[in-house]
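Open the model in your viewer and keep the selection tool ready.

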Amino acid sequence: MRSTASFALLLIIAISACQQGTTSSTTESTESVEQLETIETAEPIESTPSINSIRDLISAFKKNGPMEIPGEFSQKYFEGQNYTIIDIISAEGPLLSIAVSQTYSSASYQVYTFTSDGELLDSKVLLSSEGGDIYHYSFEVLSDRSFVLHRVLDLTLYDGTTDGPMTEEEEKNLTDLGNIESYYVIDHKGNIREFGVFNIGNWDSKNPLLNYSLIYSGLLSDLDLFCFSRRQGCSPITCSDQLDFILMKDDSVVDHFTSTSETESSPKVQVLHDTFVQFIETKHVWNETEDGVMDFDEKDNYTDGIRLALMDRQLIDLGKIEKRQVRLFRNLIFAKYGYKFKSDDLKAYFSKISWYQPKHENVDDMLSDEDKELATYLKGLEDQS
């Protein structure tokens with residue numbers, strides 16, 4: 001079973017470093033009668049509801065947008081700092097993750113993760129640097145478990161030591177050094193990780209020249225699964241990507257599976273039944289028209305991709321296993337829905353699995369489209385063996 005801390009509810013929050021002042025006006029009111037009537041008949045502004053919990057905070061943000069956290073709530077959960085919510089990464093599950101920022105002469109970004117009951121799970125300083133006035137910072141949400149912090153050097157504010165205007169090469173070198181993208185993921189326990197923790201052999205996710213991007217993070221059984229993509233090249237129709245699937249338990253890498261994919265569009269990565277990992281996309285059959293243009297017919301669409309399964313805490317390619325194993329994996333789909341097997345070997349195999357509860361003579365109506373597609377794929381492998 002997944003623990004209470006196995007889902008992520010992620011929220012980005014920024015500290016406002018602005019000092020709040022008060023202003024007074026000595027200008028006399030000069031509104032016309034018509035203006036006053038408009039003011040009097042306007043819809044009343046709803047007051048912010050009382051915020052007593054993390055859930056209340058989320059609801060208030062959804063209703064009001066960016067907002068300062070009330071003082072008493074800030075004292076209880078955020079060390080009394082003047083925080084302002086600026087975005088939500090994910091609003092599902094009982095975990096809350098919050099990012100905060102400061103401006104002016106220094107820039108500091110920090111993320112906190114809590115349970116929905118307000119228990120602090122983890123906190124991490126993402127960036128802290130002097131000279132923040134020459135940089136622009138921004139967050140970009142990559143998925144419900146990952147985000148990137150961008151730092152961009154503003155050359156118009158940079159006071160360099162060179163005499164006269166910078167050359168194009170000097171500007172490029174300065175920009176390459178000043179512009180930084182820091183990537184982070186959050187595991188199912190609420191731990192915040194930098195991409196660098198995944199360095200394996202010569203696979204260096206911290207090197208921005210490698211153009212890695214995180215396209216999926218989630219749970220596979222009791223392990224954290226991360227999928228990274230690296231663009232290798234493109235033709236007029238498809239692009240070639242290197243894919244790295246990484247399994248982690250706490251701070252240890254359990255397995256690392258590398259493959260390549262020819263993609264036409266953004267693929268869909270999903271986990272089924274805590275066992276299967278699918279990297280799937282819709283593809284087309286391309287043909288040359290009479291005008292010499294490559295085109296396709298929507299009726300000829302098909303799905304293709306990479307299908308993996310978790311076996312003995314390792315990721316295995318379903319297309320490269322024995323027929324007996326393929327059969328077991330295919331029937332695992334039906335076993336998850338409580339299908340009563342008629343074959344003695346399948347009954348004997350699944351009866352030893354704690355979660356299997358035979359209840360139904362037919363489960364066809366319970367299968368999702370993804371289940372049916374995966375079962376069809378595995379049946380095809382069986383028939384080929």
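The structure holds 11 aromatic pairs. Rings of Phe, Tyr and Trp (its six-membered ring) pair if their centres lie within 6.5 Å; planes under 30 degrees apart are stacked, over 60 edge-to-face, the rest tilted.

This is a predicted model: local features need pLDDT of at least 70, side-chain atom pairs count only at pLDDT 80 or more, and totals for chains, interfaces and linings use all residues. Residues are numbered from 1 along each chain as its sequence is written, and side-chain values use heavy atoms, with hydrogens and water left out.

**Ring pairs**

Select Tyr77 and Phe114. Their ring centres are 6.4 Å apart and their planes stand at 90 degrees, so the pair is edge-to-face. Both residues are buried (under 20% relative accessible area, 1.4 Å probe, protein chains only; over 50% is exposed, in between partly exposed).

Next, select Tyr339 and Phe341. This aromatic pair is edge-to-face too, 5.2 Å centre to centre with 90 degrees between the planes. Phe341 is buried, with a relative accessible area of 6%.

**Charges over rings**

Go to Lys336. Its charged end sits over the ring of Trp355, 4.2 Å from the centre. The test is NZ of Lys or CZ of Arg within 6 Å of the ring centre and within 35 degrees of the ring normal. Then pick Arg307, which lies over the face of Tyr377, at 4.1 Å from the ring centre.
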